[in-house]
Structure formats: C-alpha cells, structure tokens
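Dear colleague,

I am passing on a structure for you to look through, and below it you will find a short account of what was found in it. Please keep the model open while you read.

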Protein chains: 2
Amino acid sequence: MPRDKERLARLQSGMANAGLDAIVCRLPENVLLLSGYWPMNGMSWVVLDREQEPVVIAPVGEEECIEDGWSNNTFFYGWGGVDDAPPDVSVARLLEETAVRLGLSGRRIGYEASFETIAPPYASGEHHVSARPANNMLNRLFNDSLVDVTAIIDAWRAVKTGVEIAALRRANEVAALGLEVFVKAAVPGAKESEVAAAVEAAIYGKGVGYRGVRRCRGWASVMSGPDQGAKAWYQFLTSSDRRLQEGDTVLLELGTVVEGYWSDLTRTVIAGRAGERVREGYNLVLEAQQAGIDTLRNGVPAEQVYDAARHVIEAGGWLNMYPHGAGHGVGFRYHEALPALSPGNKEPLQAGMVVTVEPGIYGQGFGGIRIEDNLLVTEDGCEFLSNFPRGLLETGA
Amino acid sequence: MPRDKERLARLQSGMANAGLDAIVCRLPENVLLLSGYWPMNGMSWVVLDREQEPVVIAPVGEEECIEDGWSNNTFFYGWGGVDDAPPDVSVARLLEETAVRLGLSGRRIGYEASFETIAPPYASGEHHVSARPANNMLNRLFNDSLVDVTAIIDAWRAVKTGVEIAALRRANEVAALGLEVFVKAAVPGAKESEVAAAVEAAIYGKGVGYRGVRRCRGWASVMSGPDQGAKAWYQFLTSSDRRLQEGDTVLLELGTVVEGYWSDLTRTVIAGRAGERVREGYNLVLEAQQAGIDTLRNGVPAEQVYDAARHVIEAGGWLNMYPHGAGHGVGFRYHEALPALSPGNKEPLQAGMVVTVEPGIYGQGFGGIRIEDNLLVTEDGCEFLSNFPRGLLETGA
C-alpha cells in the first residue's frame, strides 16, 4: 500500500490535540489504522509515538502482510515452534524494549480499552485479544499512566483518508465478484446455504490475486421467502437449508474484508417472478434508499438520512415494516461505531466518512427486502464505493 | 441437542469443589459449555448457579439456536430496532434481575477473565466481547466478588461428555464434506485460493441441513509447493493465488465449526505425481502420526505423544524439518488450551479428552507435509473422530 502520510499526520496531530504522547494498540482494526498493516492472527501490536514512525511488533510469518502496510519499523518474534517462548512473553519483552527506546515511562499513553464490538483478524476462526493478562502487562509497563482512547479512535476512524478510500473501493470490487454469482445462483430450487457458499467461494477464490489482493474473505447469508426473509433484519447472519420458491424475496447480507478493509452490502432478488406486492415493496425500498443517499453531504445531521428514507416508506404506507436505522459507518470494521444514521442523531456527517445506506421492509408472510450500498460522503454530496446494479431483478426473467 | 445431564453434573460438582456459588460467562465457547447453546452474535450470557438450571440471556433472533441447547430458562432482549435499548443496557438489566433472583450478591462468582485466545461466535465477521464497560458492569453487579476461573474452565472443557463427543463426530463428518472436494480439486493448474474456496463452499453449502445442522462454517487454507508449503507450520492460515504445479506438496489446513463444536484437520496431497523424496517424507509423517496415535490412552503423559512422533522422524533423519509440537486439545475451540502434546508436558491424558495428532515436515525447496486427525482418548486407547483416508494421494494418478 502507498505510504499513508495523511493518516499519519492526522493521527499525530490528533494525539497532540488530545494530550497523548503515544498510543498502544493490538486490535487488528486499530493496528491497520495506525500502520496500514492488517494482522493475520491478532497477535501483533503497534506503538505510535506522537513524533515518530509507528513501531510494529509481529509474529514471524506476517512479513508480507507488513510489507503491504506503511510501517518500516518492525520487530518480529517466533512462535509455535518447540523452542519458541510463549507469544505473550515475547510481546511483553518487545513492548518493554519499545517503551524504553521511545522513553514512554510516565508519559500519557492511550489504549483501546473499551472496544466491545471488534473485527476479526484475517484468521477469523480464532482470535487473540487482550483480557486480564495483557491488561496487567500494559499497566505494569506503563506504570498505570494509560488512558482509554476508544472514543477518540472511533472518531478518527470515521473519516477516511485517500489511501483508505482507495482500499475500500477495491474491497467493494471484490465484493461484487460475489454479487455477480448471487444474482445467477438465486433461482427457484436452489438451497439458501449453497447460494451463500457460492458467493463466498467467488470472493475467496477469485478475490485472492485480484488487483494485488493477498487476503480476502466474504461472509454471505441468504434469507429467503415469507418466514426467513421476515427475520432478515435482526437474524441477518445465517442461511438455512430452505430451497428458494417461485416468487420469494431472496435477501443476501454480505460482509467482505479485503486486506482489513470492509464492505457491507445487501442485495435482494426475486426468485422466479415477482408478485405485485413484492414489486411495489422493492421499488419503494429502492426509492427510500435513493432518498437517503440524496441527503448525504458534508455537514448534514446524520438523522436526516434516516428521516429521508423513512419519509418515503411512510408515504408509501409501509412504515410498520421498516424497524431499523438507515445505516452506519463502515471500513475498519463491518459495522463501525460512527456515524450512526439513526433517528435523533444530530451529529453532522463529515466529508471522508464512509457509510452504508440500507433501508428495508420485512413482514411475516411477505419476506424481506433490503438494499444496501457503501457511500463516501463528500463536500457537496457523495460517491458510490459499491457499483452493483440496484434495480429489481427477477431470476426467472 | 439431548439434555447434557453429565455436563451439568460435572459443572456443578466442579463448582462445589472450587468453592464457587455461580459462574457468569459470555464467550460463545463457554456459553456453549454451560448451556449447549452456541450464540450467533456473541451478545449472549449465561449464569450458572451451583444448584440450579443455567439462565440464558440472549438477543431476540437466537430462539432456534437456544432450542438446540439444553437450557430451558432464557430471557430475551430486543436489539437493532429504532425503539430498542442498546444491548449493553438490556444485558445489564437482565443480569441484575438474574443476580437478584438467584441471590448472588456477596457470593463467590466465577468468570472468564483471562481468555486471550477465543473462538468466534457463528457470525464470525464481527465479535462482541467484554472489555472495560462489561467488566465494570460485572464488578458493579457482583460487588467485586468475582473470581477468575479461566484455568478451571479450561480444565473442565478438556474432558468431553458423551453428548459433546457425538457433536464432535458430526463436526468431523461435515469437515469430511470439504476434504472430499479437496482431494479432487488439488490438481496441477488449480489456484490455491480456489481450491480452498471450494472446500469451504462444500462445508457451508452441504453442511447446513446435514443431520440437522443449522450452522456450520469451514476455514480452509491451501499452501502448496516448495515455498508456500515450507511456511505451512507458522503461516498456516492463508491461501495465495499460486497455481499448483506437478509434484507439489499441497497442504490443506482446515478448521470446521458445526453448532459451536470444532474439528481441526490437515491433509496433504501431491499434485500430479510424487517425487521420491516427497513420497518418502509423506510416508514418514504418516508413520510418525500413527506412532503418536498409538500412545494415546488414559493416564499417559502428554509428552509421550510428541516423543513417539519425534522418534520416528528423527530415526528417518528428518528431525531438522519437524519444528512444532504433536497436537493439542480441540472441541470448544479450534485450538484449546488443554492438553498440549508438547515436549516436556508430563500432565497425564484423561479419557474423554479430544486431541489432534499432527506431526509435519517442512523445508524450503521441499514443501510442507502434515497429517492431522482428531482423536478421542479412551481408557485403553483412542478412537478416531475423523475418518478420512490418510494414505498418500497423488491427484494425477
């Protein structure tokens, strides 16, 4: 990845403004923020001094991942071999050496103490996170001078740099490899889990090697028909063994991570041919999404996105079927903390924010329809980072 | 799942022995241990009193997952809707009500404070974990009478019940759906990431609906040839865009989760036809694995498994290519803390433990060969939970 001078400058001026001398992070999403390096296993740490280059501590085997970032200052430790020390011992030693070298003792050190929703590392089948042992280690190393900067990091993350936006465009391109498979596979008779699996396989199989991508993965969930579809707003991350039937709404919820950068997309197609009420609902959701998108602009209160989408659905007489907010930040995680495009949120959007806009309607006996794209807020409007067609698609047509 | 009376009895007698009045957990792997329920999102909690049924607190939408477990005492909270309270507020309220109802104030409450390697929930693209806010909530609710019982839970988990062993057999059957695809797909010219994606797609696509399975997922990584293969013991969870070449070792690392229960398998095939040295290496690893498996029995020190496998590799003259341990516990997580089949570990194996046995050899210019199965330790030996053929397989033959 090109060196992200803009991010480094923003981080270090932000630290100055917050009175922080350094930051220590190990959540993969924050290691990525601070160094452009997306950890494979979640066993890596970054120390960023206010006036110096980020220092990375990483397990042997992640050399290539680190080269893809923009830190030039890495200390490796071996692990997993019969002669290697336990990783926590190696990390503590390297962190202590770093703290001494940077003169961090007694200074004001920020850390990520309150992240309770977290993104996985690339190896998402098993995480390595901080609990009591790591927190005790940090307190010992930094003499209890640690400051919880979770809210500050969330705010920094919400506004992306040019390098990060380019990475998110690529993530959405990889996600589209899956969407292309979805609209072909979601035909009457297909099994939900097989459709979802084909989407994931396209992302992993074709995505690796696409425009230099080393690591990517999709999480696809397909929820179809009058019952599964109706739950697709609160039980939205599972696919069943149900087979699609003629006229079903078929909703695909798709999270995609490409080198640590996330896309969050939803598409709904109709298996076979759409009935009249489904067609009406689909077009209403599309109109509501567009109304929300049309509000996006630097300085607009977040609630206006929701209000615009809601107004369309209410005017159509379907408000009782639209239970959730209009979207959220996306990029360093599937669902970022900021901004929330929710009713009553008067915080202004900022140019550089990347958000989803995703109204939907759901009903028992009807099914579920949601359309979700990823958009970059600009000074005078917005740009789509996702570019997959949004119009009604009937797979029997 | 059938009610696991054996697990509940073991937990409650274990709590009595440890002087614990109750346990509070929220890591998906421990919620599963305490209730048979595998959380979808990681937003669920379990309170187990020493003398009562487990109490589950869960988000709406996970009703079916809970039915698959063996708790009958669940309190739900809504989330994600515009009128819902934030999940942490709902959880705190329900936990407090539970604590009052069970009379837990001032009593000795165990919790999972030191788990730093963790299993994902089913929705593995995003986790919900305890950091400072949740830990503060627990301390407030339980008046600082919390005890870290991580080591105790690890020991309980290591020895599986009959119900859990049946679930692990099924997980290995689902994993085999992926292995069947692997041995067909790993031919010269195929791309590593596409082979891995096909394995994952078989597990997700065919696994859902297999013998009542609602939720499963595979993590497949394919590392082939003289360079990628050589790294396959410390950089073992990634697939590249490399295309398989004639004579390559092709190593598949495969983690599979089925309703929360994990299988961890490795197979190595030869793309095309094997050269003489690869053939010799393969048969040596297979012999070493069998030697390790032959030691498994209640009461045997864990190090003996490693020593037996190592002895075979050393006798063959390949010791400098065998850098890692012989295996580990598996079941509630991809890699469980106990037991470690590592040099010097004199802890005796116990009947009911489920372990991997997985020697391997790796070398630049040679590639990587590992064979890994999951085995149940019994009173007088062991049983395979995985049943996929282990002999040398050449995909060009």
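In chain A of this model, which is predicted rather than determined by experiment, the secondary structure amounts to 11 helices and 16 strands.

On overall form, a compact globule with 397 residues would have a radius of gyration near 21 Å, and because chain A has 22 Å, its value agrees with that expectation.

Turning to the inside of the chain, 65% of the 397 residues of chain A count as buried, that is, under 20% relative accessible area. Among the contacts in chain A with a separation of 6 or more, 71% are made by residues 24 or more positions apart.

As for the surface, the accessible area of chain A is about 13,000 Å², and carbon and sulfur atoms account for 49% of it. Chain A carries 36 positive and 52 negative side chains, although the centres of these two sets lie 1 Å apart.

Finally, there is the interface, where 69 residues of chain A are in contact with 69 residues of chain B. The size of an interface is often given as the accessible area lost when the parts come together. Here chain A and chain B bury about 5,300 Å² between them, with 51% of that on carbon and sulfur atoms. Of the area that chain A buries against chain B, 13% is supplied by A:Glu116, A:Glu126 and A:Tyr204, which is more than any other three residues supply.

Definitions and conventions: Residues are numbered from 1 along each chain as its sequence is written. Chains are lettered from A and ligands numbered from 1 in the order in which they are written. This is a predicted model: local features need pLDDT of at least 70, side-chain atom pairs count only at pLDDT 80 or more; totals for chains, interfaces and linings use all residues. Side-chain values use heavy atoms; hydrogens and water are left out. Helices (H or I, at least four residues) and strands (E, at least two) are DSSP runs, numbered from the N terminus. The radius of gyration is taken over C-alpha atoms; the globule rule is 2.2 Å times the number of residues to the power 0.38. Buried means under 20% relative accessible area, exposed over 50%, partly exposed in between (1.4 Å probe, protein chains only). Contact means heavy atoms within 4.5 Å. Accessible areas come from the Shrake-Rupley method with a 1.4 Å probe; for residues, only the protein chains shown count as cover. Lys and Arg count as positive and Asp and Glu as negative; His and the chain ends are not counted. The place of a charge is taken as NZ of Lys, CZ of Arg, CG of Asp or CD of Glu. Buried area is the accessible area (1.4 Å probe) that two parts lose on being put together, summed over both.
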